[in-house]
Amino acid sequence: MSNQSNVFGRAYEYICIETLNEEINKHRKSSIEESSTYEIAKDCWNIIDKETKENFKQSALTATYSIFDLEPMIIEKGQDCLILKMQKDQEGEIGDVRDIIIIRNAEKWEIGLSIKHNHFAVKHSRLGPKLDFGERWYGIKCSDEYWKDIEPIFEFTNSQKELGKKWSDLEDKENDVYVPLLNAFINEIKRKNDKHSDLPKKLVEYLLGEFDFYKVISIDNKKITQIQTYNLRGTLNKPSKKEKPKTIIPIAKLPTRIVNIDFKPESKNTIELYMNEGWQFSFRIHNASTYVENSLKFDIQIVGMPTSIISIDCKWTDA
């Protein structure tokens, strides 16, 4: 992620939590829990240009109204103070992809929002010579076969790193690195899937996190904010004491089978994973730096979702 993308992403998180707080306070008491994460986001907001701020404000306000329709517990009147807080980035690394948490402690209730600016990526996980993706992703250690398969690949990248080579200096990085590494990854997934029937379910839970959430995506060039509902455990969309949600969100079914995992046609850096219940993901491997390093990063995207995951396109209104 470029520095500008990082600044814009954090600035968008800042205006989302500020807008939520402002609008909630029109209905009930609410406050933002200050933290270092919040202060960093605020600093990013302060350095972006005026036009971008106006776009972000419109996007955040539109999203806020839609979230209220989905979650009447947020604006239900009560004596308790609703708390808004920003999550640390480290939470995402340990299975919680939510950026903003909305909490009512008195009701023992909370929901989370994953905030994205102009991108739909799910994860940016790495593969490396000592990174056991199996243990981290679905709780099953990688096999000896996998480690043997990747050993010569990372011996090669390490030798190029020691020579100070750039990735662009390599004559054929696709066939020397990308293809064999992705083949090792595919074969390991297949091996473990043959022995563990719950692997498809655990894969999706890793990719989407351990908590239900709403994904809020600002798509600036279309002037819409898209809200995706990830209600995998039935914790979203609860009625308040006096009001039901205006839109009912079904519970999405997790997969039980891998239908296919293979290279995307005519690609040497991307594989596609197809599972039942409508789940489809793409995994694009890439070098995340100019100079050769001894690990590579995935850009993981959802390319197909169950019909029970609703996407709501909200057109911007003037702030």
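Me: Asp69: buried, partly exposed or exposed?
Reply: Asp69 is partly exposed, with a relative accessible area of 31%. Buried means under 20% relative accessible area, exposed over 50%, and partly exposed in between (1.4 Å probe, protein chains only). This is a predicted model, where local features need pLDDT of at least 70, side-chain atom pairs count only at pLDDT 80 or more, and totals for chains, interfaces and linings use all residues. Residues are numbered from 1 along each chain as its sequence is written, and side-chain values use heavy atoms, with hydrogens and water left out.

Me: Which side chain does Asp69 meet in a salt bridge?
Reply: That of Lys246, at 3.5 Å, N to O. A salt bridge here is a side-chain nitrogen of Lys or Arg within 4 Å of a carboxyl oxygen of Asp or Glu. Asp69 sits in helix H3 (residues 50–70) and Lys246 in the loop between strand E8 (224–230) and strand E9 (258–263), so the pair ties together parts 177 residues apart in sequence. Helices (H or I, at least four residues) and strands (E, at least two) are DSSP runs, numbered from the N terminus.

Me: And Lys246, buried or exposed?
Reply: Lys246 is exposed, at 60% relative accessible area.

Me: How many salt bridges does the count come to?
Reply: The count comes to 17. One of them joins Arg98 to Asp96, with the closest N and O atoms 2.9 Å apart. Arg98 and Asp96 are both buried.

Me: What about Arg104, which side chain does Arg104 meet in a salt bridge?
Reply: Glu107, at 3.6 Å, N to O. Arg104 is buried, with a relative accessible area of 2%. Glu107 is partly exposed, at 32% relative accessibility.

Me: Which residues are linked with Arg104 in a network of salt bridges?
Reply: Arg28, Glu76, Asp80, Glu107 and Lys241 are linked with Arg104 in that network.

Me: Pockets next. Which residues line the second largest pocket?
Reply: Arg104 is there again, along with Glu76 and Lys241. His27, Pro72, Ile75, Lys77, Ser240, Lys242 and Glu243 complete the lining. The volume of this pocket is about 200 Å³. By class, the lining has six charged, two polar and two nonpolar residues. For the classes, Ala, Val, Leu, Ile, Met, Phe, Trp, Tyr, Cys and Pro count as nonpolar, Asp, Glu, Lys and Arg as charged, and the others, Gly among them, as polar.

Me: How is a pocket told from a cavity?
Reply: On a 1 Å grid over the protein atoms alone, a cavity is a set of points where a 1.4 Å probe fits but cannot get out. A pocket is an open set with protein on both sides within 12 Å along at least five of seven lines. Lining residues have an atom within 4 Å of a point. Grid points are joined across faces, edges and corners, and a volume is the space filled by probe spheres set on the points.

Me: How many cavities of 30 Å³ or more?
Reply: One. The largest cavity has a volume of about 30 Å³. Cys16, Leu20, Ala60, Ala63, Thr64, Ile67, Leu113, Ile115 and Val216 line it. Helix H1 (3–24), H3 and strand E4 (109–117) each give two or more residues to that lining. H3 has the largest share, with four. The lining residues are eight nonpolar, one polar and no charged.

Me: How far is the sulfur of Cys81 from the closest cysteine sulfur?
Reply: 20 Å, to Cys16, too far for a bond. Cys81 is partly exposed, at 26% relative accessibility.

Me: Core, then. How many residues has the largest nonpolar core?
Reply: It has 50, and Trp137, Phe185 and Phe283 have the most contacts inside it. A nonpolar core is a set of buried Ala, Val, Leu, Ile, Met, Phe, Trp, Tyr and Cys residues joined through side-chain atoms within 4.5 Å. Elements giving two or more residues include helix H7 (173–195), helix H6 (144–162) and strand E11 (280–286). H7 gives the most, nine residues.

Technical notes:
A disulfide is a pair of cysteine sulfur atoms within 2.5 Å.
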